[in-house]
Amino acid sequence: MALLEIKDLHVKVDGKEILRGVNLEIDKGEVHVLLGPNASGKTTLAMTIIGMPAYKVSEGKMLFDGEDLANLDPTQRAKKGIGFVFQFPPAIRGVKLRDIIRLCGGKDAWDPSKEPEEKFAIEMLEKVGLPSNFRERDVNVGFSGGEKKRSELAQILAMKPRLMVLDEPDSGVDIDSLKLIGKRVDDFVKETGSSLLLITHYRHILQYVETGFAHVMCGGKIIVTGDPEDILSRIEEEGYCAYVDVCPPEIKKDMEKFMHV
Amino acid sequence: MFPKWYADKRGKAKELLKEAKPAKYGPDVDLGAFNLQAPSHVKINGLADLEKDVRSASKVVGTRDDEQYRSGTYFQYDNDVVYLKYSEQLKEHTPKGLIVLNTDDAVQTYPWLEKYWFKELPMGLDKYTTYVAANSVGGAFVWVQEDVRIEHPIQACLFMGTNRMVQTPHNIIIAEPRSKVHLITGCTVHPKCETAAHVAATEIYVKEGAEVTWSMIHSWGEGFHIRPRMGAVVEDGATLMINYILLSPVKSIQMYPTVVLKGKGARVNFRNLIFGRGKSNVDVGSGVILSGEESRGEINSRAVIMDEATIDMRGLLRGNKPNTKGHLECRGLLLSDRAKAKAHPSLDARTNEADLTHEAAVGKIAEEELFYLMTRGLSKDEATSLIARGFLDTDIPGLPPTLQAEIGRIVSMTTKEVM
């Protein structure tokens, strides 16, 4: 039994069907990369996996460790071991990054009368290369692109998830951040045997994250699955047009529209 | 012996009271339904001698019974000052630098108080001010001498334990030039005292280059009507900071403390943190009159409103002089469908060189923030509580770190209690 099994998943947002029959299996310790043009449904898939209420499953199902996710809210999914790195995390005024990291790690918010010097959050911040004074910052308030991604990663590492879902952890970050994020994710997967679903547009992060499978999503469906190196090379040479021919007819039209074929 | 002017002024207030009209804001309270008298309470030798219920209630509003990190303690139980003491350290270092007295005693010791008596807070302002002017009992008188800078705050607890009484303290703070002082007034009630009124007058005089901080922490009960009145004047290069924290449900509370920035470069900073709980009717404003050139005023109000509470958050910035600057921020977070919040910001520029701005927002928690925290494993309630606690930002600039931590703890405890 795979850790995550997605069967014929259809998802609507505001009444509009975005996912049109996604099938995906991720086994324990496997690393999957999800590619695809803009608006193909990659983020929708991620948001549905973590249970964001605006993403309504109309058909199909998702099983995590054999359990139907339909009955679980985002809190319960997180507690089962699904950790998610947002592409655009919200800024929350007054909520300290230190406390969120601690809560992610199953600890209480920092109480200086019980623990004069905070240790846990600082250790996580060190891992992702953020200065220790970030512990006092309000989460995501005034953070740069790279700082947001590092802060997201610090939280997820503290959660010790069984499945990490990363939504474009490499977008809008400089080369140093990219390298660090890639390496930390790879280390974590190798140390803990966690599974990973990595959404990206770029090959670059895959220099640091060892990947087993690649999928190409288009028009709300996964249209190709295969070896990451082969798929990426083909996309880089020919663009996503390379896969127009493998699209089911109902999606092909949409796909061509996106690609101006 | 009370000076003659004192009797005259009380007499005048009693006359005014006959024709006094209800205040502009808040439900009208029939003060005739409350008693000015209360049983007397014996003096104690230390806060440890207080009855357990009294001690734990006063702790909630920031009164430290170990008196650590405090320069002095004033404890008024109903109408009696049962304890008044300076720290040994203060006695040693600035023996004559600071005077703290029961205002009733101060009037007799320092008859020159006539020139401060209801000067910044006109006794005819509204019926509650007039009522205190006619009937004041006790209150803390704090007088700090020129160039004397008091490191730790003075704590004053105004405690009520008698049903149907009205407490009427008159607080006066006078900070002589270049002095520095911080007063914390914690106001609270005995758990057995269910209904009463608290009508207070506070006057603050911040002279050239002085710094005054006044932190009020209130914890009342569902049957209490609260009408504090305050007037303050800030002179050249002086700074006043006013922090107000309301923790408990009340029947009604209405206040609109107003500060006149009279001097050049005078500053004031208001910070209000309010829990609107139960069926509370809360109407809290802050006013700043920028009458000194280059004066600066800032008002920052945050309210978390739950249950069936209603809140009106008011603010006034009036720019009378050029090169003045004021900013007003009112934010209300509604945690229940039945809670109501209104913000009434008011900017009044009387010269085209006054720079006045405001931001106001009332609404519920953004779902995006809630679900973000849920994906981190927090339940919906835990996420709501964390956001509400963060919203009531207790990083108050200029507070001593220990007090900052104490206030943080007080607000966290209340957040936990209500969620």
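I note here that the model is predicted.

**Entry 1. Chain B against chain A**

I looked up the count of salt bridges across the interface of chain B and chain A, and the rule finds 2. For polar contact, the rule finds 8 residue pairs across this interface, both residues at pLDDT 80 or more. I then asked which elements of chain B give two or more residues to the side that touches chain A. They are α6 (367-374) and α7 (380-391) of chain B. The largest share of that side, 6 residues, comes from α6(B). I sorted the side of chain B that touches chain A by class and have 8 nonpolar, 4 polar and 6 charged residues.

I also looked up how many residues each chain puts into the contact: chain B gives 18 and chain A gives 30. The area buried between chain B and chain A is about 1900 Å², and carbon and sulfur atoms give 68% of it. In chain B, the residues that lose the most area to chain A are B:Y372, B:T375 and B:R376, which together make up 38% of what that side buries.

**Entry 2. Domain 1 against domain 2 in chain B**

I took the division of chain B as domain 1 (4-366) and domain 2 (367-419). The centres of domain 1 of chain B and domain 2 of chain B, taken over C-alpha atoms, are 25 Å apart. Domain 1 of chain B brings 30 residues to the contact, and domain 2 of chain B brings 28 residues.

The two domains of chain B bury about 2400 Å² between them, with 73% of it on carbon and sulfur atoms. I asked which three residues supply more than any others of the area that domain 1 of chain B buries against domain 2 of chain B. They are B:F275, B:I365 and B:A366, with 22% of that area.

I count 3 salt bridges between domain 1 of chain B and domain 2 of chain B. I looked up the pair B:R64 and B:E406, whose side chains meet in a salt bridge at 2.9 Å, N to O.

On the side of domain 1 of chain B that touches domain 2 of chain B, the elements that give two or more residues are β8 (180-189), β10 (211-219), β12 (239-246), β15 (267-276), β17 (296-305) and β19 (324-334) of chain B. The largest share, 4 residues, comes from β15(B). By class, this side of domain 1 of chain B has 18 nonpolar, 6 polar and 6 charged residues.

**Entry 3. Helix α5 of chain B**

I checked burial along helix α5 (residues 127-135) of chain B: 9 of the 9 residues are buried, so the helix is largely enclosed by the rest of the structure. Among them are B:K127, B:Y128 and B:N135. I then asked what the buried residues of α5(B) pack against. In chain B they pack against α1 (4-19), β6 (166-167), β7 (170-175), β9 (195-206) and β11 (223-234).

**Entry 4. B:S87**

I found B:S87 in the loop between β2 (80-86) and α3 (88-93) of chain B. Is B:S87 buried or exposed? B:S87 counts as buried because its relative accessibility is 18%, and the cut-off for buried is under 20%. Leaving aside neighbours within four places in sequence, I have B:S87 in contact with B:R70, B:S71 and B:G72.

Key: Residues numbered from 1 in each chain as written. Chains lettered and ligands numbered in written order. Predicted model: local features only at pLDDT ≥ 70, side-chain atom pairs only at ≥ 80, totals over all residues. Heavy atoms only, no water. Buried < 20%, exposed > 50% of the residue type's maximum accessible area, 1.4 Å probe, protein only. Contact = heavy atoms within 4.5 Å. Domains from an automatic or database assignment. Buried area = accessible area lost by both parts, 1.4 Å probe. Salt bridge = Lys/Arg side-chain N within 4 Å of Asp/Glu carboxyl O. Nonpolar A, V, L, I, M, F, W, Y, C, P; charged D, E, K, R; others polar. Polar contact = N/O pair within 3.5 Å; in protein donor to acceptor, adjacent residues only side chain to side chain.
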